[in-house]
Amino acid sequence: MKVKVCGMRDGENIRRLSALEIDYMGLIFYPASPRHVAERPKFLPDAADGIKLTGVFVDAPVEVIMEKVAEYSLSAVQLHGSETPGFCRHVMERTGAEVIKALHISVPGDIEKGKEYAGYCNFLLLDTACSGYGGSGRRFDWGALESCNLETPFFLSGGIDLSCAAGIAAMNCPGMAGVDINSRFEISPGIKDIELIKSFMDKLKGE
């Protein structure tokens, strides 16, 4: 079960998080987000540390995405807007980075939209739909995941907190590659509670 922690921007907080065995770390390059990375943090992990830096974009031009991939040495790109399958593939080809396409889930049928992206991205990210793009902190009906038949592996996102760990670990859903956590583990926007994340990861592993 991969763990992606999103919404990081403070150098010291990033350094402390990097000591945990997480797989992906998200930096948000969407100006309207309260977690927007306006300037390069003083500390960033290297891909050799086993953490894939992931840039999060919302309907950004491919040229902007390419600039950030080069500037921050991003290993992955998360597309969180209305990007088409063709655009996702274009980003993959132009950047060489993994592409994670976010889908905004209101009703179980929305999960089926993920089939359109098979072969066009590396992962999907299933998040709860909300009025903006910053995440709602709410959960959609996770029960629908056990009957979904997506070809593309996905991250589960939206409203995940410490109490969810055991339930997620017990879910019978082969397509789920990992989880994406953010606001429920924050002290303030962009600042994570490292000990709380560690507890979550321990519970996810059944420890």
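**Entry 1: Ile 51**

I looked up which residues surround Ile 51 and found that, with residues up to four places away in sequence not counted, Ile 51 touches Ser 18, Leu 20, Ile 22, Asp 23, Tyr 24, Met 25, Pro 45 and Asp 46, where contact means heavy atoms within 4.5 Å. I note that this is a predicted model, in which local features need pLDDT of at least 70 and side-chain atom pairs count only at pLDDT 80 or more, while totals for chains, interfaces and linings use all residues. Residues are numbered from 1 along each chain as its sequence is written, and side-chain values use heavy atoms, with hydrogens and water left out.

Ile 51 lies in the loop between strand E2 (24–28) and E3; helices (H or I, at least four residues) and strands (E, at least two) are DSSP runs, numbered from the N terminus. Ile 51 is buried, with a relative accessible area of 1%, and my scale here is that buried means under 20% relative accessible area, exposed over 50%, and partly exposed in between (1.4 Å probe, protein chains only). I also took the C-alpha to C-alpha distance from Ile 51 to Ala 70, which is 17 Å in space for 19 residues in sequence.

**Entry 2: the protein as a whole**

I then turned to the overall fold and recorded five helices and ten strands as the secondary structure of the protein. The radius of gyration is 16 Å, close to the 17 Å that the globule rule gives for 207 residues, so the protein is as compact as a globular protein of that length; the radius is taken over C-alpha atoms, and the rule is 2.2 Å times the number of residues to the power 0.38. Along the principal axes, the C-alpha atoms fill a box of roughly 45 × 40 × 30 Å.

Of the 207 residues, 51% count as buried, and among contacts with a separation of 6 or more, 58% come from residues 24 or more positions apart.

For the charges, I have 22 positive and 28 negative side chains, with the centres of the two sets 2 Å apart. In this tally Lys and Arg count as positive and Asp and Glu as negative, while His and the chain ends are not counted; the place of a charge is NZ of Lys, CZ of Arg, CG of Asp or CD of Glu.

Is Lys 4 buried or exposed? I found Lys 4 in strand E1 (residues 2–5), and it is buried, with a relative accessible area of 0%. Gln 78 is placed in strand E4 and also counts as buried, at 2% relative accessibility.

The side chains of Lys 4 and Gln 78 are joined by a polar contact of 2.7 Å. By this term I mean a pair of N or O atoms within 3.5 Å, where within protein one must be able to donate a hydrogen and the other to accept it, and where residues adjacent in sequence count only if both atoms are side-chain atoms.

Beyond four places in sequence, Lys 4 touches Tyr 24, Thr 54, Gln 78, Ile 100, Leu 125, Phe 155, Val 179, Asp 180 and Ile 181. On the same terms, the residues that Gln 78 touches include Lys 4, Thr 54, Ile 100, Leu 125 and Asp 180.

**Entry 3: Val 77**

Val 77 is found in strand E4 and counts as buried, at 0% relative accessibility. Leaving aside neighbours within four places in sequence, I list among its contacts Thr 54, Gly 55, Phe 57, Ile 65, Val 69, Val 91 and Ala 97. The C-alpha atoms of Val 77 and Cys 121, 44 residues apart along the chain, are separated by 10.0 Å.

**Entry 4: loop residues**

Which angle did I note for Asp 59, which is not a glycine? Asp 59 has a positive phi of about 50°; it sits in the loop between strand E3 (52–57) and helix H2 (62–72) and counts as partly exposed, at 39% relative accessibility.

Ser 73, also not a glycine, has a positive phi of about 55°. I place Ser 73 in the loop between H2 and strand E4 (76–79), where it counts as exposed at 54% relative accessibility.

Finally, I looked up Cys 130, which is found in the loop between strand E6 (123–128) and strand E7 (154–157) and is partly exposed, with a relative accessible area of 30%. From Cys 130 to Thr 84 I have 46 residues in sequence and 19 Å in space, C-alpha to C-alpha.
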